[in-house]
Each structure stands twice: as structure tokens, then as C-alpha cells.
Amino acid sequence: MNWNYNGIQMNYLIQNASVVNEGEVFVADVLVENGLISQIARGGGLHADGARVIDASGKYLIPGIIDEHVHFRDPGLTQKADIYTESRAAVAGGVTSFMDMPNTVPQTVTRELLEQKFQIAAEKSLANYSFYIGATNDNLHEVLGIDVANVCGIKLFMGSSTGNMLVDSDSALETLFREAPCLIAAHCEDEATIKRETERYRALVASGEVTPDATIHPHVRSAEACYRSSARAVELAEKTGAHLHVMHISTADELSLFRSDLPLEQKRITAETCPHYLSLCADDYETLGFAIKCNPSIKSADDRTALLKALRIGLIDTIGTDHAPHLKDEKLTGDYFTSKSGFPSIQHSLDLMAEISENGWLTLPELVKLMCHNPATLYRIDRRGYVREGYHADLAIVDLSASKLISDASEYSKCGWTPYAGRTVKSNVTHTFVSGNLVYEDGVFHEDNRGERLSFNIS
């Protein structure tokens, strides 16, 4: 049903919701008018003529999730995924804003190509959006000239290459870290270590000593490779004062590089991890195989436990999915050296994190802080990521009491499969609002509206 009539935005009154926001859980009514949160009434009692009433009794209302780390494959790889299909998967999972990486075709390494991606999203995305510009050894004039009020950040592949986006020139790295006008989001794996282990395992496979299956992945893309590169990035940031965000932390050792004694607003060096590093471990390669092959690799059970413990004490600042769809035939067939790394995950990030919360590793307010508040604070996103009066109405209503079976058939990502198929979770997003528009409701998408370009407070 279309709730946006003749270009006039529909207003909504969400009643009896258990609001999870800024460290609290409280029952309230929330009024959404003209795309904004106009009133929050603790205890309820709000009335609004002409607004559609949604009864959220027994459900939780959270700020829309901000996924700062996705690969939507658009343009150039749209046989796997595109901004339209993946934004549908996003809003079905309560994600209202995403930040997309530059390893598309062509790679997003100029401001002109960056603006082309924004134009694609304006036409296709159901969620709000921003895009990183990718750094190379020879494009610093492009990177350093971005409009930081309208671009989320700079993506740096430091030590592990994606196309030509490996920055391995010491002079280019130091210039980038010293002069970057915004956050540097870094993929940190040491290329020399990975090359050495890749050749070693090729030889072991050739001799028949090792089978080229997924179990070798955490040995080829090892904890050593992660720590070496992350330590180098942190050293550069400390030397130059750069704002560094190390993406997808997967090891216990890397946690020693970060600190928890400062509020997020004062940190210059921060860390992200992903739901798969918190819900899976290397033992799962035996059953899930190439379905969970990703870079960095999923590590040991001890690494997983260390990451889970780090969530509550502030060593890890944000949760991003690293959503990276591949088609089944390029992902699940062949051997270790031909299977693609990456898998779809944005639809189920809340499912997995809610399961982690239910198991006692996080409270719901802590979950919301990591997935909603902290990305908004870290990236200085304008008026999103919180349930506050005057903020954009990016909201999700979640039922945490109903069991749900994840399956390939229910996957909205264009690739049509999920590594979590067969997993039962107690999390179901019933409604998602993007900039005040109801875009997802009980399995139905309302597609008359598009998400908005994120803007960033630079002062």
C-alpha cells in the first residue's frame, strides 16, 4: 500500500513501543511528521490527527542501523548485486543507511566516478547512502579534494590488494595519512605474508599433503597478516594524527592496538568488526566450507571470544557487515584458489547481533550503540542514528520474541543465497522507516520513495 499520496509525505504515530536508545529501554509513543521525529512521549498518550497509527506493543523500536561497510557491486558487477536489490535486503534487515566501498567496475577512484555512483543510488536505493573514494598510489589529488560534507570517507587497501587499490608507496601512505580531510577506512592484511603463505599452500596442495578446501583459509590469510598491517596503519595514524578506522577486525592480537579509555568523540583511531567474526569461527569451515570464505578470514574460537569480550569495553567501536555478494557458482564450486571471498550478510546483521545479545554478550542498548549510535557519531552523520526529536525518522520496529528460520528462499540479495540458511533466530524486523517513509512492512516493500544522500557535520 502506498502511504505517500500525491507527493505529500504520510505521518505516522508509533504507539506502545519499547524504545531502545542512548543506553535506555523505555515504553513510548513516537510521532513521525514530515520525515522527522517530531515527538517522543514516554509512557504513551500521544494523539495525531491524520497520522497512520502503528501499534508496536511488545516490540522494540530502534534507530535505523547504519552499515558503514558494504559492497553493493554497482556499477559493473551487477550480475551479483546492485544498489536496488541490496538496499531492499538492507531495509528488510532494519538497515536504513549504508556506505559502499569503491571496488566496483570501474573502481571509484575519481570524484567524477564517485558522483556517478551517487546518481545511481538516487535513482535506485530504498535506503540512505554514501560512498567511499578509493585511494591508490597515484590518485591523491582526487582523494584529498573530496567534499567531506557529502562523502563518508576514504577507503585504503593497506597491504592487501583489490585491483590497483593497493597503496604500498611509503610516500603516498604518509601523504594520505598526514593530509586526509576525513576518516580513512582501512582494510589491513599484509600482502607479503599472504603471498608467502599462498605459495606455501599451493606447494602443499601440489604434493598431496593438503586438500585445497576452505579450512586452509585462516592459515593463508592469517592472524599474522592482519596484525602486521593493522599495526603499521596505527603507527602511521599516531605519527600523523590521521583519523583511522580499521575495518573488520578478526583477531585477538589486533585488539591491543586500540584503546577504550576515551569517549568515541575523542578517539582518532577506531575499530570495526563484523557479525560473522562474532558468530562463526574456524571450526565452521568444516561444515560451511567456501560459503564463509571472506577476507580477512574467520579465525579461531579464541579470537571470536576475545572479540565478543571487546564489544562491551569499547575496544571495538562499530559493527559493519562487509556485505559482499557473489554468485553461487563462482563462490561454492572449484577449489580454495578459485573460490571468491565474501558473502551476503546485510539482511541478517541484526538477526546475528540479537542472537549474540540473547546469549549474554551484549545488552540491547549496547547493540544499538554499536550498530546505530556509534556509526553516526564516528562519521558525524547529520541527525541520524538516534531516536531524538528533530532527527530524521530512520527507524526499525523489531520483534525479538518470534522465531524465524533463515533460508535461501527468503534472501533478498540478488545473489539468492545466504551462508546462514538453516539457522533459526529470534529476531524479525516488522517495519522499517527511511527518512520518515515506511519502506518495509511485514514482508512487503513500499517502493514509491528513495533514500537520501547522507550528509556529514564537518565542524
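Here is what to select, stop by stop.

This is a predicted model, so to speak of local features a pLDDT of at least 70 is needed, side-chain atom pairs count only at pLDDT 80 or more, and totals for chains, interfaces and linings use all residues. Residues are numbered from 1 along each chain as its sequence is written, and side-chain values use heavy atoms, with hydrogens and water left out.

Start with residues 428-434, strand β17. Strands here are DSSP runs of E, at least two residues, and helices are runs of H or I, at least four, numbered from the N terminus. Six of the seven residues in β17 are buried, meaning under 20% relative accessible area with a 1.4 Å probe, protein chains only.

Two strands pair if DSSP finds at least two bridges between them. Look for isoleucine 397 opposite histidine 431.

Next, select 437-441, strand β18, which pairs with β17 in the antiparallel sense over four bridges. Here threonine 432 sits opposite tyrosine 440. β17 and β18 make a hairpin with two residues between them, and serine 435 in the turn has a positive phi of about 50°.

Last stop: helix α1 (83-92) and helix α2 (111-124), which pack at about 60° with axes 9 Å apart. Axes are lines fitted to C-alpha atoms, for helices over the stretch in contact, and angles run from 0 to 180 degrees between N-to-C directions. On the contact, show Ile83, Tyr84 and Ser87 of α1 with Lys117, Ile120, Ala121 and Lys124 of α2; contact means heavy atoms within 4.5 Å.

Terms used
Buried < 20%, exposed > 50% of the residue type's maximum accessible area, 1.4 Å probe, protein only.
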